[in-house]
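Hello,

Here is the structure for you to look at. Open it first, then read my notes below.

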Amino acid sequence: MEKLALYIEVNQLRKRGFKIAAISKKLGISRNTVYKYLDMSFDEATDWVSTLKTRSKKLDP
């Protein structure tokens, strides 16, 4: 699943009243990741996703 779509899904589930552990189990991600997504604003999430595509990786060269 794309990271931005996952961010949106986490926030939608939280607005519906799901607990952190339930969101984690439903989406198959860790609770720490759920907390990280809930702490971000949408603008921060889009900036974060765009930097994932452009930053260099250790194994690229």
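Start with the loop. S30 lies in the loop between α2 and α3 (31-39). Helices here are DSSP runs (H or I, at least four residues), strands are E runs of at least two, and both are numbered from the N terminus.

Two points on how to read this. This is a predicted model, where local features need pLDDT of at least 70, side-chain atom pairs count only at pLDDT 80 or more, and totals for chains, interfaces and linings use all residues. Residues are numbered from 1 along each chain as its sequence is written, and side-chain values use heavy atoms, with hydrogens and water left out.

**Two serines**

Is S30 buried or exposed, or partly exposed? S30 counts as partly exposed, because its relative accessibility is 37%. The cut-offs are these: buried is under 20% relative accessible area, exposed is over 50%, and partly exposed is in between (1.4 Å probe, protein chains only). S30 is 21 residues from T51 in sequence, and their C-alpha atoms are 22 Å apart in space.

S24 sits in helix α2 (residues 20-27). S24 has a relative accessible area of 10%, so it is buried. What does S24 touch, beyond residues up to four places away in sequence? The answer is I29, S30, R31 and V34. A contact means heavy atoms within 4.5 Å. S24 and Y35 are 11 residues apart along the chain, with 9.7 Å between their C-alpha atoms.

**The whole chain**

The protein chain has four helices and zero strands. Along the sequence, the pattern reads α-α-α-α. The C-alpha atoms fill a box of roughly 45 × 20 × 15 Å, taken along the principal axes. The chain has 61 residues, and 26% of them count as buried. Take the contacts between residues at least 6 apart in sequence: 47% of these join residues at least 24 apart.

The accessible surface is about 4,800 Å² (Shrake-Rupley method, 1.4 Å probe; for residues, only the protein chains shown count as cover). Carbon and sulfur atoms hold 52% of that surface.

**The core**

The largest nonpolar core has 13 residues. Such a core is a set of buried Ala, Val, Leu, Ile, Met, Phe, Trp, Tyr and Cys residues joined through side-chain atoms within 4.5 Å. Which members touch the most other members? They are Y7, V10, V34 and Y37. The elements giving two or more residues to this core are α1 (3-15), α2, α3 and α4 (42-54). The largest share, five residues, comes from α1.

Look at Y37 next. Leaving aside neighbours within four places in sequence, Y37 is in contact with K3, L6, Y7, V10, N11 and W48.

**The rings**

The structure holds three aromatic pairs. Rings of Phe, Tyr and Trp (its six-membered ring) pair if their centres lie within 6.5 Å; planes under 30 degrees apart are stacked, over 60 edge-to-face, and the rest tilted. Y7 and F42 form a tilted pair, because their ring centres are 6.2 Å apart and their planes are at 45°. This pair links distant parts of the chain: Y7 is in helix α1, F42 is in helix α4, and they are 35 residues apart.

Y7 counts as buried because its relative accessibility is 7%. F42 has 42% relative accessibility, so F42 counts as partly exposed. Ring pairs link Y7, Y37, F42 and W48 into a cluster.

Best wishes
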